[in-house]
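Here are a few notes to read alongside the model. They follow the chain through some of its local features, with the cut-offs spelled out as they come up.

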Amino acid sequence: MDLFDKQVIPLYLSPDLGSAEIAFWPNWLSPEQADGLLETAIHQTQWRQDTIKIVGKTIPIPRLQNWFGDPSTSYTYSGIRMQALRFPDWMDKIRLSIEQITEQRFNRALVNYYRDGRDSVDWHADDEKELGPAPVIASLSLGVERVFQLRHNETKERISISLPHGSLLLMGAGIQAYWQHRIAKVKDLQQPRVNFTFRYME
Ligand SMILES: O=C(O)CCC(=O)C(=O)O
Ligand SMILES: [Mn+2]
């Protein structure tokens, strides 16, 4: 882990608030650590194929996922309700090291499995009420590099950050209220990617 390799990307929010920060550690895990974790994540996660209803049609979402945290709680977005699974030990270790490096608390994780370039997540903000007024979100990427795009709600400014195997990205407070983000589909891409977004909920 090279703690010195931290980049800070300022994101403009509004005239009143000024900017917030994205902190980015492109080489947070060594390639060997990241390989091991990707293997564990793909094979040991109980993946769900959730569906959404669009004009009366049931459509599978373009990725597999699951939700971790206090098992007496659940999380709902886009009409999908997920009862939390208890953090397995290997995931709890990642949670703790991410808490250490970011100096933030996290007690939930949404885990996404993009099986290949056809899987994606569309423009959205992680701004559900349960996440509080200014969520701070840590995102760990494993597997094939994909482009994380951000778009400002008003100015429509766009920023793209390529997320390599073993990289960690921290979206600071305020970003979810002013920016949306997505992982777009990529043509002819066969390799998988797993992403963890650690969050905090009361
Ligand atoms: O896969 C990613 O990098 C982003 C995932 C994401 O935005 C989410 O799970 O809310
Ligand atoms: Mn998100």
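1. Burial first. A residue is called buried under 20% relative accessible area, exposed over 50% and partly exposed in between, using a 1.4 Å probe and protein chains only. This is a predicted model, in which local features need pLDDT of at least 70, side-chain atom pairs count only at pLDDT 80 or more, and totals for chains, interfaces and linings use all residues. Residues are numbered from 1 along each chain as its sequence is written, chains are lettered from A and ligands numbered from 1 in the order in which they are written, and side-chain values use heavy atoms, with hydrogens and water left out.

2. Thr45. This residue sits in the loop between helix 1 and strand 3 (51-54); helices (H or I, at least four residues) and strands (E, at least two) are DSSP runs numbered from the N terminus. Its relative accessible area is 8%, so Thr45 is buried. Its side chain comes to 2.6 Å from the backbone oxygen of Ala41. A polar contact here is a pair of N or O atoms within 3.5 Å; within protein, one must be able to donate a hydrogen and the other to accept it, and residues adjacent in sequence count only if both atoms are side-chain atoms. Setting aside neighbours within four places in sequence, Thr45 is in contact (heavy atoms within 4.5 Å) with Thr40, Phe68 and Trp90.

3. Helix 1. Residues 31-44 form this helix of 14 residues, which reaches 20 Å from first C-alpha to last, close to the 20 Å expected at 1.5 Å a residue. That expected span is 1.5 Å times one less than the number of residues. Which residues of helix 1 are buried? They are Ala34, Leu37, Leu38, Ala41 and Ile42. Because they cover an arc of only 130 degrees around the axis, they lie on the same side of helix 1; the arc is that of the directions from the helix axis to the C-beta atoms. An α-helix has 3.6 residues a turn, so residues three or four places apart point the same way. Exposed Glu32, His43 and Gln44 are carried on the face turned away from the buried side. The cover over the buried residues includes helix 2 (89-102), strand 8 (108-114), strand 10 (137-143) and strand 15 (193-199).

4. Helix 2. In this helix the buried residues are Trp90, Met91, Ile94, Arg95, Ile98, Glu99, Ile101 and Thr102. After helix 2 comes Glu103, with a positive phi near 55 degrees. Ile101 has a relative accessible area of 18% and therefore counts as buried. Its C-alpha is 9.5 Å from that of Trp28, 73 residues apart along the chain.

5. Gly166. The loop between strand 12 (158-163) and strand 13 (167-171) holds this glycine. At a relative accessible area of 0%, Gly166 is buried. Beyond residues up to four places away in sequence, Gly166 touches several others, among them Trp25, Trp28, Ala34 and Leu140.

6. The metal site. What are the protein donors of the manganese ion (ligand 2)? They are His124 (NE2), Asp126 (OD), Asp126 (OD) and His181 (NE2), lying 2.1 to 2.8 Å from the ion. Donors are N, O and S atoms within 2.8 Å of the metal (3.2 Å for Na, K and Ca); water is not among the atoms, so sites may look incomplete. Along the chain the donors follow the spacing H-x1-D-x54-H. His124 in strand 9 (residues 121-124) and His181 in strand 14 (residues 179-183) are 57 residues apart, a pair that links distant parts of the chain. His181 counts as buried, at 5% relative accessibility.
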